[in-house]
Amino acid sequence: MTVAAAASGGGGRRYALLLALNDSEYARKVYGGYGNVFVAALGGGGGGGGEEERWDCFRVIDGEFPAAEEVGRYEGFVVSGSPHDAYGDERWILRLCSLLRALHAMGKRILGICFGHQILCRALGGRIGKARNGWDIGVKKMTFVRDFEGSKLFGDLEEIPQSASIIEVHQDEVLEVPPMGRVLAYSDKTPVEMFAVGDNVLGIQGHPEYTNDILLNLIDRLVDNNTITSGIGEEARRTVEASEPDRRFWTGLCKGFLKRPTTATTVDMPPWEVAPEMMSCSHIIAGGHFVATTPIGL
């Protein structure tokens, strides 16, 4: 088991991306890896006031975790999607749960996407499992709860619409939110599309970071390896042809959550399992752009 240590150098706000998947050939060829996809979507803006940002990527699926002494230096954490089940008992999944509980105890801001949404729920005491309505893939509409109490979570985001379209790719779901959690959005197939715990934890079942080309490539791969039927694949492709995800809204919401002004805390890192350090990838963000400061290798 190894740990990833943040690369040296770089100032401003720091964020950690916890990658729970390996790169597809397509993502690596077109985007240079999923790390770039996330940072391009969530880096810059969102209340940062033009301040430089640094994003460190940790491939938790391979046992790369932030060093315990580095955790307190991050403003926020993002947990990616994954082909693995969030209710699995692989060592890295159990270790990720332990880290998320520690981060929550510290009051750190945590955003979970798809698998990340589910693993956050599990780590904080909720229930997850197979989706009761089966696979949900494509561009789908998510509806926000009528008595929405989450707008203050999202910084300068001015308005929450009644609904918004987002890319979905999942066969698992949140069955019951954690204690003190609240459902913020739902869809026809998925009762918990978005939830929050306090003002520092946000889970989103869909993929704000995905673009249509990433989705179409993923649909092809899932059909080719018989993970989904050709019928499910065709239905998913039709949703892409029929509508666009509200990606600008979703990335703005995520940035607002991660980067809204906050009062500094001095809570120490609770104990959790660590191991020898290993280098991660790192990005410096300035003026809405980013460059890799170490080889990404995603």
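This is a predicted model: local features need pLDDT of at least 70, side-chain atom pairs count only at pLDDT 80 or more; totals for chains, interfaces and linings use all residues.
Which element gives the most to the lining of the largest pocket?

1. Helix H6 is the answer: it puts three residues into the lining of the largest pocket. H6 spans 212-224, and helix H5 (115-123) and strand E8 (163-170) also supply at least two residues each.

2. The pocket itself has a volume of about 530 Å³. It is lined by 25 residues, and those closest to its centre are Ser82, Pro83, His84, Leu218 and Leu222. By type, the lining splits into eleven polar, ten nonpolar and four charged residues.

3. Have a look at Lys140, which sits in strand E7 (residues 136-144). Its side chain pairs with that of Asp136 in a salt bridge, 2.3 Å from N to O. With a relative accessible area of 17%, Lys140 counts as buried because the cut-off is under 20%; Asp136 is buried too. Beyond its neighbours within four places in sequence, Lys140 touches Ala164, Ser165, Ile166, Glu168 and Thr239.

4. There are 14 salt bridges in the whole structure. In one of them, Arg54 meets Asp56 with the closest N and O atoms 3.0 Å apart. Both ends are buried: Arg54 has a relative accessible area of 2%, and Asp56 comes out at 0%.

5. Asp62 and Arg59 form another salt bridge, with 3.4 Å between the closest N and O atoms. Here Asp62 is partly exposed at 41% relative accessibility, whereas Arg59 is buried at 10%. Elsewhere, shared partners link Arg14, Arg54, Asp56, Glu70 and Arg73 into one salt-bridge network.

Note on methods: Residues are numbered from 1 along each chain as its sequence is written. Side-chain values use heavy atoms; hydrogens and water are left out. Helices (H or I, at least four residues) and strands (E, at least two) are DSSP runs, numbered from the N terminus. Buried means under 20% relative accessible area, exposed over 50%, partly exposed in between (1.4 Å probe, protein chains only). Contact means heavy atoms within 4.5 Å. On a 1 Å grid over the protein atoms alone, a cavity is a set of points where a 1.4 Å probe fits but cannot get out, and a pocket is an open set with protein on both sides within 12 Å along at least five of seven lines; lining residues have an atom within 4 Å of a point. Grid points are joined across faces, edges and corners, and a volume is the space filled by probe spheres set on the points. Ala, Val, Leu, Ile, Met, Phe, Trp, Tyr, Cys and Pro count as nonpolar, Asp, Glu, Lys and Arg as charged, and the others, Gly among them, as polar. A salt bridge is a side-chain nitrogen of Lys or Arg within 4 Å of a carboxyl oxygen of Asp or Glu.
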